[in-house]
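Hello,

I am handing over the structure we spoke about. Please look through it first; my notes on what was found follow below.

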Amino acid sequence: MNYAQAVAWLDRQQMFKIKLGLASTRTLLAELGNPQERLRIIHIAGTNGKGSVGATLLALLSAGGYRTGFYSSPHLSSVRERFRIGRQWITQEDFARLITRLADLLADRPGPTYFELTTLLALLWFAEQHVEAVILETGMGGRLDATNVVTPLVAILTDISRDHEQHLGSTLSAIAGEKAGIIKPGVPTVFSGRAAEALPVIEARCRDLHSPLMLYGRDFDGTLDAEGTLEYQSPAGQSRTGLALALPGAHQAVNTSLALAAMEMVAPIFPISEQALREGLQQVRWPGRMELLHIVHQEKKLRLLLDGAHNEAGVAALTVALRHGFPRRQLVLVWGNMADKNMGAVLFELMAMAERILLTRAESQRSAAPSLLLTQLPPDLQAKSQCVEPVEQALAVAGVLAEADDLLCVAGSLYLVGRVRRLLVGETPA
């Protein structure tokens, strides 16, 4: 297959199906020679912050001179985003060749899901490319996630909150139990620990598996100072001040601290200098997550903020960021979420900050209908909202409504953000 054929084949493989379990992935990896066993892996699970932590680790390890792979999901504009070494995506040629290999392997047998296939591709490619370190991000949960076929150097658990409840459970303790599945015997665990209900679950799992637990706020810490730089206290007791961060938002103090603590756990294998650490933090890129773009619409220079904000915790983080940053005259919000998401009252707090709200959707299969979203809003929010489809038209209307000193914000799902980003900047690495 060529690249276009490979993308089309992959898209046909149960793209929106969720199948929890490891048997299929383990069987296929064995047939492929178990490439994961040749890799040194940092494994990340959690509800929010996985991508930011992974992107930070990628920048730190790359700045330290290590050839580092990063597997993440979902993608914004191109499936190739999911597989990168440093800042370089997998080439079209390598993608097509490896997808062809997987398709041949699966001939005449029931196929795995889209995510299982991309996980196989990632592990194959990283082993083939002889990367020195791999950052592996779970897709959903942890215990039964396709990535959970590895024994990592360290496991990282980011903030745990409610999401995917139909698959992971309706309580934080149940969800934490699923995330805790990536903890392995004797392997250190780094955890944000900010959800009180989740903490006992993670602590018990670590005790049972003799996994040393490094807990944010207890064993290490990080806060933003008045200048917006990070003050970090490491598990070994070392203090660092004035760490400039590339990613905006107060929540990045926690995410960056998790990455720094993990780096300390793997320092015997991947040591990096103080200079590389500071330079790496300034080189972190994570598109579509509080990403500020400057665009021109009808000869007007406008500022556009893109943020996935696809669950309650994400919307809360965006609300805080807009409340304390991104100065503007008024906010124009373009919003569209997936049909299975319940954002709660925090969404109304976000919308209350906007002068105009445009409800849209990236695609019809899983996105909530704008007209339905409108009926769910209280009267005061309905009065300043309108439904605009397709996304291109919503952007055009937003561009007319906004002036140079305003802020456009597109949020609600990574699918929507990806669609907008692809329209504005194309398929280009950050």
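How much area do domain 1 and domain 2 bury between them? The model is a predicted one, and in it the two domains bury about 1,300 Å² between them. Carbon and sulfur atoms account for 61% of that area.

For orientation, the domain assignment of the protein chain places domain 1 at 3-283 and domain 2 at 291-425. Their C-alpha centres are 28 Å apart. To the contact, domain 1 gives 13 residues and domain 2 gives 17 residues.

On polar links, two residue pairs are in polar contact across the interface of domain 1 and domain 2, both at pLDDT 80 or more. Salt bridges between domain 1 and domain 2 number zero. On the side of domain 1 that touches domain 2, the residues comprise seven polar, four nonpolar and two charged.

Now the cysteines. The count of disulfides is zero.

Is Cys409 buried or exposed? Cys409 is buried, because its relative accessible area is 0% and the limit for buried is under 20%. Cys206 also counts as buried, at 3% relative accessibility.

Regards

Key. Residues are numbered from 1 along each chain as its sequence is written. This is a predicted model: local features need pLDDT of at least 70, side-chain atom pairs count only at pLDDT 80 or more; totals for chains, interfaces and linings use all residues. Side-chain values use heavy atoms; hydrogens and water are left out. Domain bounds come from an automatic or database domain assignment. Contact means heavy atoms within 4.5 Å. Buried area is the accessible area (1.4 Å probe) that two parts lose on being put together, summed over both. A salt bridge is a side-chain nitrogen of Lys or Arg within 4 Å of a carboxyl oxygen of Asp or Glu. A polar contact is a pair of N or O atoms within 3.5 Å; within protein, one must be able to donate a hydrogen and the other to accept it, and residues adjacent in sequence count only if both atoms are side-chain atoms. Ala, Val, Leu, Ile, Met, Phe, Trp, Tyr, Cys and Pro count as nonpolar, Asp, Glu, Lys and Arg as charged, and the others, Gly among them, as polar. A disulfide is a pair of cysteine sulfur atoms within 2.5 Å. Buried means under 20% relative accessible area, exposed over 50%, partly exposed in between (1.4 Å probe, protein chains only).
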